[in-house]
Amino acid sequence: MSLKNTSGKPFKLLSPFQPTGDQPSAIEKLVTGVKKGEKHQTLLGATGTGKTFTMANIIQQAQLPTLVLAHNKTLAAQLCSEFQGFFPENAVSYFVSYYDYYQPEAYLPATDTYIEKDASINEEIEKFRHAATFNLLTRRDVLIVASVSCIYGLGNVEDYEALAIKIERGQHIKRDQLLRRLTDIQYCRSGMDFKQGMYHALGDTVEIFPPGGDTVLRFELPFDEIETIQEVDSFTGEVLQELQDVAIFPAAHNVTTKEKIDAAIFGIQQELKEREQEFIKKNELAKAERIRTRTEYDIEMLKETGYCTGIENYVRYLNPSNAAPAGSSGRALRAGKGTAGTAVSTLLDYFPGDFLLIVDESHITIPQVGGMYEGNFSRKQTLIDYGFRLPSAHDNRPLKFDEFESRVNQRIYVSATPGKYEFANTPKQNLVEQIIRPTGLLDPIVKVKATKNQIDDIFGEIKKTLANKERVLITTLTKKMAEELTKYLNEAGQKVRYLHSDVETLERIEILRQLRTGAIDIIVGINLLREGLDLPEVSFIAILDADKQGFLRSRDALIQTIGRCARNVNGHVTLYADKMTDAMTQALAETERRRKIQSEYNKKHGITPATIIKAVHDIAEEGRKLELRRPKYDHTKIPKDEKKRLMDELEKQMEIAAQNLEFEKAADLRDEIELLRRELK
């Protein structure tokens, strides 16, 4: 059975809208460039002009596996949610760092303090990551929205694919043999709980919970033969479909073969001897003892379990060959002999060679990709110098920028304010501008006011904005200022939350959802409020300390911030400053230039501006839509007057389940109630 599905479904864009304004021209030019094989193209799209819709049209017409790269998790989640709506029949996945909390391994020589690696993994995000790699290895109609975590090590793609267990009906395999193979690829046997990455067996029935989904695979194998393969609901046990064959991928990305582990151990031992002798020659005996003790412990763990804490630090030996650039056919194994400086396998290596890269908000994302390597190198060097890690630990790192470039083929940069890299690499004919908004909206009106009495002025603007049932964003320069202003507004009776990098990923998404639904009226934040956040309910933005020259108050940053309320017909922005900086002057001039082009287009075509109307949803809600399409009751057989009674009964069951802490059951009941409610409407 072949693991790869080289055909797959074609990308099918579902939307009630058609490209308008200058979208058709932008789409045509960019698709032509993709089909001609152009390496670099740039879409200079003003905020609110429908850049995401343009991207979706390009993906549909290009019909290539696509990676959309975003610079933060919040933006990635929003983009993924939108693309899931555009491509409900295709494989749209979310790939970001799965850490809610991450403390990297480090050593502080000044205080002789060793900080052990500590992390809190978000299981929901880990599930999305596994779904992304599964999709890439089994089909072509794949769209992945990722943060820069995609340039970090992910485990060798060839090992990950080679270790997949391929099972089909009629296949002869002993139950115990199947269970041993599952254990070898990092599945564990369930105890009280049964969740992703686990299996359990009862008689001739084996159930496996793949790490990238919400359904379970059930196998019946009497007389050591696979008789049935079923996909079943993980909570109710309901059979969803019968399968002829299936591929079970490893429960962890960092898995490898026994042969590679044996070869790797030999290489690690050789490096350990050399490093230990270096310390002894320098009479640094404590460091020699430390590196020997720590490394020998890791070697023993690798021998016994095939895994150890910090296994990624031995990537030179476990994945010893150079990563293949885009379009190559794979990697050659040189057993036990790693190459210093070898780049790790990343998500990019899971893509086929002809994939398309779209870099969203490229003026931020490209520099972010380029800056990841150096900080990691400095921290690792200290660990190596003091005997906590072998020098080969340097190979556990993000990609250098030139390595990133070698792994991608065709790219489209998308930004309202492209950076130097985009302009330097994009030929003039490949620079496409998209300024006209489908709704006829103009760029916001921008005013500059003195900082004196600015809080009183903001209160007045908040009062007027809330009277129109619209929302407010306030940007500050520091986290402390954001938190203190939030506290002040809260004490004044406002529904307000702050948003910055200390807020956990999924909580950020929820805060933005609450702003859109009206559960809160105001968000106070820093730079997280600039690029790409789609908030049509926001009509007023206050930019504090607008005259403080720096990254957050540069020309591009101000243009991006101003653009956050360009989706509302009443959008207006106030810059609170005591002097005019060059950045402010340039931002105001560019905003006025765009307003003039947009206004002339509206007059020519008789367009009256209107606020963008957009459904409020999040990535988790989009992910549940398929479940909502599969009701647990056959609603066609329920009379309409009985549906209301059923809803009332299910709501009681949901409350009881929640009181008993049976949250999965409560969530299933909630989805069933939601489906009934939609049908009644």
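Helix H6, residues 175–184, lies across strands S10, S11 and S12 in this predicted model. H6 runs at about 165° to S11.

S10, S11 and S12 belong to an open sheet of six strands, in the order S10-S11-S12-S13-S14-S15. The pairing in this sheet is mixed. Strand S10 (188–189) and strand S15 (239–243) stand at the edges. Each has a single partner strand, so one side of each is left without a neighbour in the sheet.

Within this sheet, take S11 and S12. S11 covers residues 198–202 and S12 covers residues 205–209. The two pair in the antiparallel sense, over five bridges. Leu-202 has Thr-205 of S12 as its bridge partner.

Which strands pair with S18? Strand S1 (residues 40–45) is joined to S18 by five bridges, and the two run parallel. Leu-43 has Val-414 of S18 as its bridge partner. Strand S17 (residues 356–360) also pairs with S18 in the parallel sense, again over five bridges.

Is S18 enclosed or open? Burial here means under 20% relative accessible area. In a regular strand, side chains alternate between the two faces of the sheet. Gln-410, Ile-412 and Val-414 point one way from S18. Arg-411, Tyr-413 and Ser-415 point the other way. The residues of both sets are all buried.

Technical notes: Residues numbered from 1 in each chain as written. Predicted model: local features only at pLDDT ≥ 70, side-chain atom pairs only at ≥ 80, totals over all residues. Heavy atoms only, no water. Buried < 20%, exposed > 50% of the residue type's maximum accessible area, 1.4 Å probe, protein only. Helix = DSSP H or I, 4+ residues; strand = E, 2+ residues; numbered from the N terminus. Pairing = 2+ DSSP bridges. Contact = heavy atoms within 4.5 Å. Axes fitted to C-alpha atoms, helices over the stretch in contact; angles between N-to-C directions.
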